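Subject: The structure I promised you

Hi,

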Amino acid sequence: MAKDLDALRHSCSHVMAGAVKRLFPKVKLGIGPAIEDGFYYDFDKEDSFVPEDLAKIEKEMQKIIKQEQEFKKEEIAKKDALELFKKESYKIELINNLDVKTVSIYRHGEFVDLCKGPHVKSTGEIKAFKLLSIAGAYWHGIETNPMLQRIYGTCFESKKELDSFIKFREEAKKRDHRRLGKDLDLFSIHDEAGPGLVFYHPKGALLRMLIEDYVKKEHLRRGYQLVMGPHILKSDIWITSGHYEYYKENMYIFKVDKEEYAIKPMNCPAHMLIYKSKVRSYRDLPMRYFELGNVHRREKSGVLHGLLRVRGFTQDDAHIFCLPSQVEEEIKLVIDFVMDTMKVFGFSDYKIGLSTRPEKFIGDPKIWDKATDALKGALSSKGMEYEINEGEGAFYGPKIDIMVKDALARSWQCATVQCDFALPERFGLTYTSKDGKKERPVILHRVILGSVERFIGTLIEHYAGAFPLWLSPVQAVVIPITDRSHDYAEEIFNTLQKENIRVEIDKRNEKLQYKIREQELQKTPYMIIVGDKEKEAGTVSLRARKEGNVGVVKIEEVLGRIREEITDRK
RNA sequence: GCUGGCGUAGCUCAAUGGCAGAGCAAUGGUUUUGUAAACCAUAGGUUGAAGGUUCGACUCCUUUCGCCAGCUCCA
């Protein structure tokens with residue numbers, strides 16, 4: 001079924017290109033594939049498309065669809081294709097790069113495109129489509145190539161599916177963490193202080209603390225040791241680590257008293273130095289150093305995105321020093337750790353990628369193969385499905401990436417495990433083996449959440465701001481109805497606070513409805529409403545997020561309910 | 001960084017070359033309220049910044065900073 005949908009979308013992209021060609025005959029065609037949520041087509045056009053053009057193009061597409069033009073495939077000789085597309089320089093380039101004698105082309109109406117298909121039978125089969133946006137995109141996705149104009153669209157088998165897709169996008173927009181971050185007063189980012197630098201407001205800082213506390217405890221429980229390094233290190237260290245050569249563009253470097261320092265973009269060197277501070281035995285391994293390491297990277301301005309892509313962030317970073325024979329077992333433990341953690345935070349939708357040796361690499365290819373096999377072995381022993389990203393590994397070792405999907409169905413990398421053959425070499429790390437020889441340990445870099453910032457961003461979108469009770473910055477609000485019940489409300493407030501429940505009291509001179517509305521918008525899990533009746537009977541009126549009015553209960557009941565919900569998380 | 005769009009009060013937006021405005025929020029009052037927005041009043045602005053065109057610029061032009069949608073890169 002998915003294949004049919006791809007053909008439909010791909011056909012729709014041809015129809016769009018046909019319409020664009022009719023309206024703007026001078027444009028040159030790039031490529032136009034089906035993608036996960038629809039399709040796009042890249043065009044080279046002198047002046048840029050404007051949003052109004054999308055409506056015009058859609059109208060023209062409707063005409064083509066109405067005419068029920070047949071998609072016709074032809075196999076033609078390469079030289080004939082070169083002649084046919086002689087005005088389409090991008091197509092010429094594609095044809096020249098094909099190592100074949102004949103190429104296939106598809107026609108509908110007057111439009112013809114180099115294409116291997118498949119397509120639907122007729123343009124009339126396209127029932128529900130919509131053009132979504134215009135954006136720039138490099139030819140072949142290479143930064144140094146000319147930038148073409150890409151029109152994104154989507155297409156479904158029915159109007160109903162299209163409508164629900166559009167609706168999903170609107171819903172997703174509402175839970176944008178940047179919007180919710182402001183509405184829920186969690187964090188802010190200030191131009192005047194620097195883009196990509198996050199300020200945590202009291203509720204955001206509390207949320208972060210809760211996450212970090214959990215993560216720290218889990219690491220200690222799983223045999224990691226907590227370490228800490230400084231925020232600035234001399235450039236010499238970055239020369240040793242290789243970052244100075246490979247990563248300088250992204251580093252904040254400065255001079256003090258003729259000595260050059262850099263703000264750390266990564267935590268590795270500190271952990272290397274701690275390892276190196278002593279002679280290590282094979283008996284010590286594996287050693288697992290963990291740090292909530294705050295790093296700064298000068299990311300390109302165009303890539304910054306709320307909390308999901310920032311310039312200063314905190315990684316739940318660990319380096320595992322181990323024997324080559326321990327790699328697979330350690331990776332299995334990391335995968336377990338990741339899966340357990342994702343479950344605790346409520347994520348179930350993720351995708352795993354395994355990146356293999358790139359063209360430029362360091363180390364012995366045999367060790368690479370062994371490490372890659374260890375990664376594969378760990379994944380398959382866990383019965384996990386993964387995609388292989390051929391040649392996408394870092395120059396220093398292969399890696400596993402675990403992506404979590406956000407509300408806009410964008411995948412964000414959270415957890416990653418990377419083998420590293422470079423750093424032990426560069427820092428001259430050794431351990432003494434059984435037979436008394438100096439050997440190199442293998443290093444695994446790994447993060448579980450990835451960056452705390454990014455993780456909070458995805459959490460906000462995942463829960464649409466309605467965090468589970470254990471993560472809610474404010475767990476309950478006591479709302480007195482009139483000032484006659486202020487004393488009683490305070491009594492209740494104190495009772496909850498004594499139980500370590502994060503509670504607030506709203507004594508403002510406002511109507512009950514008004515206060516409730518505000519707390520609903522703040523996604524507060526529990527509202528404890530007290531008026532004359534409750535005061536009289538020694539009860540409270542409980543209102544729960546999602547459920548609405550629960551009714552009149554004893555405060556002990558509320559406490560029990562909250563305690564249970566908090567311990568439920570694991 | 002690149003392509004395109006956008007930048008007006010704390011927030012959401014209006015004013016298309018001719019007196020910068022509304023709703024919400026804030027503040028002061030009135031109201032003592034029963035499960036998603038009571039009422040009145042007050043205050044709030046070098047229209048992101050700098051320069052230019054013009055009798056006159058939120059509006060047009062240049063530069064710059066930032067944001068947004070993508071591309072490239074990435075935790």
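Asp257 sits in the loop between strand 13 (253–256) and strand 14 (259–263); helices (H or I, at least four residues) and strands (E, at least two) are DSSP runs, numbered from the N terminus. Asp257 has a positive phi of about 50°, and it is not a glycine. Most residues other than glycine have a negative phi, and most peptide bonds are trans. Asp257 counts as exposed because 5 other C-beta atoms lie within 10 Å. For that label, a residue is buried if 20 or more other C-beta atoms lie within 10 Å of its own, exposed if 12 or fewer, and partly exposed in between, with C-beta atoms placed from the backbone.

Before going on: this is a predicted model, where local features need pLDDT of at least 70 and side-chain atom pairs count only at pLDDT 80 or more, while totals for chains, interfaces and linings use all residues. Residues are numbered from 1 along each chain as its sequence is written, and chains are lettered from A and ligands numbered from 1 in the order in which they are written.

Two other backbone spots are worth a look. Lys523 also isn't a glycine, but has a positive phi of about 60°. You'll find Lys523 in the loop between helix 16 and strand 26 (526–530), and it is partly exposed because 18 other C-beta atoms lie within 10 Å. Then there is the peptide bond from Leu285 to Pro286, which is cis, with omega near 0°. Pro286 is in the loop between helix 10 (268–276) and strand 15.

Helix 10 itself has these buried residues: Cys268, Pro269, Ala270, His271, Met272 and Tyr275. They pack against strand 12 (232–234), helix 8 (235–241), strand 15, strand 16, helix 13 and strand 23. Packing here goes by contacts: two residues are in contact if their C-beta atoms, placed from the backbone, lie within 7 Å.

Now the domains. Chain A is divided into domain 1 (2–162), domain 2 (207–229 + 278–463), domain 3 (231–266) and domain 4 (469–567); the bounds come from an automatic or database domain assignment. The centres of domain 2 and domain 3, taken over C-alpha atoms, are 22 Å apart. Ten residues from domain 2 and eleven residues from domain 3 make up the contact. On the domain 2 side, strand 15 (287–296) and helix 13 (423–426) are the elements that give two or more residues, and strand 15 has the largest share, with three residues.

One open sheet has eight strands in the order 11-15-16-23-20-19-17-18, with mixed pairing; two strands pair if DSSP finds at least two bridges between them. Its edge strands are strand 11 (225–226) and strand 18 (387–389), each pairing on one side only. Strand 19 (residues 399–405) and strand 20 (residues 411–420) pair in the antiparallel sense over seven bridges, and Ile400 has Val417 in strand 20 as its bridge partner. Helix 12 (residues 365–381) lies across strand 17, strand 19 and strand 20, running at about 160° to strand 17. For such angles, axes are lines fitted to C-alpha atoms, for helices over the stretch in contact, and angles run from 0 to 180 degrees between N-to-C directions.

Another open sheet has five strands, ordered 25-24-26-27-28, again with mixed pairing. Strand 25 (503–505) and strand 28 (548–553) each have a single partner strand, so one side of each is left without a neighbour in the sheet. Strand 24 (residues 476–480) and strand 26 pair in the parallel sense over five bridges, with Ile479 bridging to Ile529 in strand 26.

Finally, the RNA. Which residues come nearest to RNA strand B? Of the 56 residues around RNA strand B, they are Gly136, Gly302, Gly450, Gly531 and Ser541; a residue is near a molecule or strand if its C-beta atom, placed from the backbone, lies within 6 Å of it. Helix 16 (residues 512–521) gives the largest share of that surface, seven residues. By class, the surface near RNA strand B has 18 nonpolar, 20 polar and 18 charged residues. Here Ala, Val, Leu, Ile, Met, Phe, Trp, Tyr, Cys and Pro count as nonpolar, Asp, Glu, Lys and Arg as charged, and the others, Gly among them, as polar.

Cheers
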